[in-house]
Amino acid sequence: MIFRQLFDSQSGTYTYLLASRRGGEALIIDPVLEKTERYLQLIKERDLKLVKAVDTHLHADHITGLGALRDRTQCITVMGERSKVDVVSMRLAEGDRLTIEGLALDVLYTPGHTDDSYSFVMNDRVFTGDTLLIRGTGRTDFQNGDAHAQYHSIFNKLLRLPDETLVLPAHDYKGETASTIGEERAFNPRLQVKCVDEYVELMHNLKLPNPKLMDVAVPANMRVGFAQEEIARRGWAMTATQALDLVGRPQVALIDLRERTEREKQGVIPGSLHAPYTDLAGNVRAGGMLHELAAATGKRMVFYCAFGERSAMAVQAAQDAGIMSACHIQGGIDAWKRAKGPLVR
Ligand SMILES: [Fe+2]
């Protein structure tokens, strides 16, 4: 496995780059905008293909690299379903699995530091975001923070992992790089409380100054969505309501770009083909499945995904590859559901 912990000294942020092998798919957790070039260089050096970029929560102390990495690599942006970010390609909930080739991370919803904080468990390690830090815990005094919820996230979820589980947080300010669940249970001063009320009292008396970048970072991090308007301006988009008329039409191919688990959970537009986004480049190039389908049948290629972001990028790639009929459903399945479009499982 390729595992890298990268550090941004400005914000004290740890970013993690994961891949199962050299030359394979890669995942990045909590990237920092200013470090984008460094990540891309490392990805290139290790011959990796970045397929997913994840934020554990909406950060207040740095601007996320999610949007920049998506624009540079066409990777899928991922956050939790509770995040107030405008658009990400994929949203996860507790019990979901975040997967790339050869790796799977289990999603835990661990609110408290913010109400959109998630942790990711991968075999012997857990990425705790700012929920559990090394000998500390994430502050709970802004962004819908809740010390009560954090106590439950830590004591009833994270501390139930095996003692030897490595703890990999999103921040450290003292030079620590990793810990374990057992060590934190025993030695984290914030966790030496007898009950939830004692923890809440402790967190309410911290009186910390706001992060320097908070007024800049929070609004910037709320708007990371891909500019779908540009795709619409070119006439390559339709609303979910317009798309309703297309179901069952022989001259149209509806193409679902989502992953199998998303399809099972949310349902599928009747009669659509499944062509996962990660296989897109191969599918749209000459000789690829979708390229040949478009050429052989003259069907209009209508892409869709969860929120319209992957499909917007797919339309651009398909058009670039010469599939001139390619368009997408703006807002994806999310908009389709609101338009009361039929779904099958
Ligand atoms: Fe945070």
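Which helix holds Arg-70?

## Arg-70 in helix α2

Arg-70 is placed in helix α2; helices are DSSP runs of H or I with at least four residues, strands are runs of E with at least two, and both are numbered from the N terminus. This is a predicted model, in which local features need pLDDT of at least 70 and side-chain atom pairs count only at pLDDT 80 or more, while totals for chains, interfaces and linings use all residues. Residues are numbered from 1 along each chain as its sequence is written, and side-chain values use heavy atoms, with hydrogens and water left out.

With a relative accessible area of 2%, Arg-70 is buried (buried means under 20% relative accessible area, exposed over 50%, partly exposed in between, with a 1.4 Å probe and protein chains only). Its side chain makes a polar contact of 3.3 Å with the side chain of Glu-309. A polar contact is a pair of N or O atoms within 3.5 Å; within protein, one must be able to donate a hydrogen and the other to accept it, and residues adjacent in sequence count only if both atoms are side-chain atoms. Apart from neighbours within four places in sequence, Arg-70 is in contact (heavy atoms within 4.5 Å) with Cys-75, Thr-77, Val-224, Gly-225, Phe-226, Glu-309 and Met-313.

## The iron site

Three residues supply the protein donors of the iron ion: His-57 through NE2, His-113 through NE2 and Asp-130 through OD, at 2.1 to 2.3 Å from the ion. Donors are N, O and S atoms within 2.8 Å of the metal (3.2 Å for Na, K and Ca); water is not among the atoms, so sites may look incomplete. The spacing of the donor residues in sequence is H-x55-H-x16-D. The two histidines link distant parts of the chain, 56 residues apart: His-57 lies in the loop between β4 (49-54) and α2 (66-73), and His-113 in the loop between β8 (103-109) and β9 (118-122). Both His-57 and His-113 are buried.

Gln-143, in the loop between β12 (136-137) and α3 (147-156), touches His-113 as well as Leu-58, Ala-60, Thr-114, Asp-115 and Val-218, not counting residues up to four places away in sequence. The Gln-143 side chain reaches the backbone oxygen of Leu-58 at 2.9 Å.

## The open sheet

Six strands form an open sheet with mixed pairing, in the order β7-β8-β9-β10-β13-β14. Two strands pair if DSSP finds at least two bridges between them. The edges are β7 (97-100) and β14 (179-180), each of which pairs on one side only.

Leu-98 and Ile-100 make up the covered face of β7, and Arg-97 and Thr-99 the uncovered one. The β7-β8 hairpin has 2 residues between the strands, and Gly-102 takes a positive phi near 80° there.

Asp-146 caps the N-terminal end of α3, with a side-chain oxygen 2.9 Å from the backbone nitrogen of His-148. Buried residues in α3 include Ala-147, Gln-150 and Tyr-151, and the buried residues of this helix pack against β8, β12 and α5 (196-204).

Arg-135 is in the loop between β11 (132-133) and β12 and is partly exposed, with a relative accessible area of 27%. Its side chain is joined to that of Glu-184 by a polar contact of 2.4 Å. Beyond neighbours within four places in sequence, the contacts of Arg-135 are Ser-179, Glu-183, Glu-184, Phe-187, Asn-188 and Pro-189.

## Aromatic residues

The structure holds 8 aromatic pairs. Rings of Phe, Tyr and Trp (its six-membered ring) pair if their centres lie within 6.5 Å; planes under 30 degrees apart count as stacked, over 60 as edge-to-face and the rest as tilted. Tyr-14 and Tyr-16 form a tilted pair, 6.4 Å centre to centre with 45° between the planes. Tyr-109 and Tyr-118 are also tilted, at 5.0 Å and 40°, and both are buried.

One aromatic cluster consists of Phe-3, Phe-7, Tyr-14, Tyr-16 and Phe-127. The charged end of Arg-125 sits over the ring of Phe-3, 4.6 Å from its centre; this requires NZ of Lys or CZ of Arg within 6 Å of the ring centre and within 35 degrees of the ring normal.
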